[in-house]
Amino acid sequence: MAKSPAKAAPAAKAAAPKASAPKRAAAAPAAKATGTPSVQPILNQQFNAPAPLQKYGTVSQRLPIGLDEKTRQQSVTQLNQLLADTITLRDLYKKHHWQVVGPTFYQLHLLYDKHYEEQSTLVDTIAERIQILGGVAVAMAADVAELTSIPRPPKDREEAPVQVGRLLEAHQIMLKNCHDYAKQADDAGDDGTNDLVVSDVMRTNEMQVWFISEHVVDTPLARAE
Ligand SMILES: [Fe+2]
């Protein structure tokens with residue numbers, strides 16, 4: 001049987017690397033020489049990887065969960081939108097937790113952090129659902145900023161009612177998407193995504209809207225009117 005010519009290229013491997021060539025990881029020390037495993041880390045492997053394991057925006061059918069590719073693709077796209085918006089809302093809560101000012105400082109400072117933690121839990125739940133569906137979860141801040149539909153707040157410190165207004169707007173954007181996505185997941189037979197969107201994302205956001213909204217009711221502090 002003839003050997004494949006593509007396999008053997010010893011001459012090319014032996015050639016000295018050119019100065020302009022991209023940096024490549026140093027070869028691991030030969031473990032066979034001493035019979036002990038190498039403890040030398042192999043660095044810069046990102047420069048050697050020929051391609052990512054999976055491209056963002058694609059879905060694989062690797063996990064046998066009884067859903068076809070079209071359904072997975074739809075759910076993954078919508079869950080990545082919810083994920084980007086949830087990460088953004090989570091960070092908006094932390095910004096406001098740090099920057100809040102005024103007579104309701106203590107209440108809002110604590111409440112904002114509680115909601116931050118709850119949104120953090122949602123982030124992980126949504127991202128892991130995306131992976132289960134065979135997708136790739138959006139993760140890094142720059143990518144989230146490109147994808148999110150929540151308006152970007154200024155870096156400035158804002159007064160408490162403005163903070164609350166921003167949060168309520170963000171919650172409303174998310175909740176409108178939740179209703180839309182839950183219906184589509186239900187129609188497509190993706191019960192797990194429907195349940196996540198309704199039971200986790202929608203319920204949490206509705207509850208947070210209640211707690212935040214009551215801070216901006218225009219009511220007298222001490223005297224009934
Ligand atoms: Fe804190």
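Helices α5 and α6 pack at an angle of about 160°, and their axes are 9 Å apart. Axes here are lines fitted to C-alpha atoms, for helices over the stretch in contact, and angles run from 0 to 180 degrees between N-to-C directions. Helices (H or I, at least four residues) and strands (E, at least two) are DSSP runs, numbered from the N terminus. The pair α5 and α6 is therefore roughly antiparallel. Angles under 35 degrees count as roughly parallel, over 145 as roughly antiparallel, 65 to 115 as roughly perpendicular and the rest as oblique. The crossing of α5 past α6 is left-handed. That term applies if the near helix is turned anticlockwise from the far one by less than a right angle; clockwise makes a crossing right-handed.

On the α5 side, the contact is made by V164, L167, L168, H171, M174, L175, C178, Y181, A182, A185 and D186. On the α6 side it is made by T193, N194, V197, V198, V201, M202, N205, E206, Q208, V209, I212 and S213. Two residues are in contact if their C-beta atoms, placed from the backbone, lie within 7 Å. By class, this contact of α5 with α6 has 15 nonpolar, six polar and two charged residues. Ala, Val, Leu, Ile, Met, Phe, Trp, Tyr, Cys and Pro count as nonpolar, Asp, Glu, Lys and Arg as charged, and the others, Gly among them, as polar.

A word on the model. It is predicted: local features need pLDDT of at least 70, side-chain atom pairs count only at pLDDT 80 or more, and totals for chains, interfaces and linings use all residues. Residues are numbered from 1 along each chain as its sequence is written.

Now the whole chain. It has six helices and zero strands. Buried residues make up 24% of its 225 residues. A residue is buried if 20 or more other C-beta atoms lie within 10 Å of its own, exposed if 12 or fewer, and partly exposed in between, with C-beta atoms placed from the backbone. Of the contacts with a separation of 6 or more, 71% join residues 24 or more positions apart.

Go back to α5, residues 160-188. At 1.5 Å a residue, its 29 residues should span 42 Å, and its end C-alpha atoms are 42 Å apart, which agrees. The expected span is 1.5 Å times one less than the number of residues. Buried residues of α5 are Q163, V164, L167, A170, H171, M174, C178, Y181, A182 and A185. An α-helix has 3.6 residues a turn, so residues three or four places apart point the same way. What covers the buried residues of α5 includes α2 and α6 (191-213). Just after α5, G189 takes a positive phi of about 85°.

A185 is worth a stop. It lies in α5. A185 is buried, because 23 other C-beta atoms lie within 10 Å. Leaving aside neighbours within four places in sequence, A185 is in contact with S75, D190, T193, N194 and V197. A185 and S75 are 110 residues apart in sequence, but 6.7 Å apart in space, C-alpha to C-alpha.

Next comes α3, residues 105-132. It has 28 residues and reaches 41 Å from its first C-alpha to its last, close to the 40 Å expected at 1.5 Å a residue. The buried residues of α3 are L108, Y112, H115, Q119, L122, I126, A127, R129 and I130. Their cover includes α2, α5 and α6. G134 follows α3, and its phi is positive, near 95°.

Take two of those partners in turn. Helix α2 (residues 69-99) packs on α3 at an angle of about 160°, with axes 8 Å apart. These two are therefore roughly antiparallel. The crossing of α2 past α3 is left-handed. By class, their contact has 14 nonpolar, eight polar and four charged residues.

Helices α3 and α6 pack at an angle of about 170°, and their axes are 11 Å apart. They too are therefore roughly antiparallel. From α3, L111, H115, E118, L122, T125, I126 and R129 meet G192, T193, L196, D200, V201, T204, Q208 and F211 in α6. By class, this contact has six nonpolar, six polar and three charged residues.

N44 is found between α1 (10-14) and α2. N44 has a positive phi of about 55° although it is not a glycine. N44 is exposed, with 11 other C-beta atoms within 10 Å.
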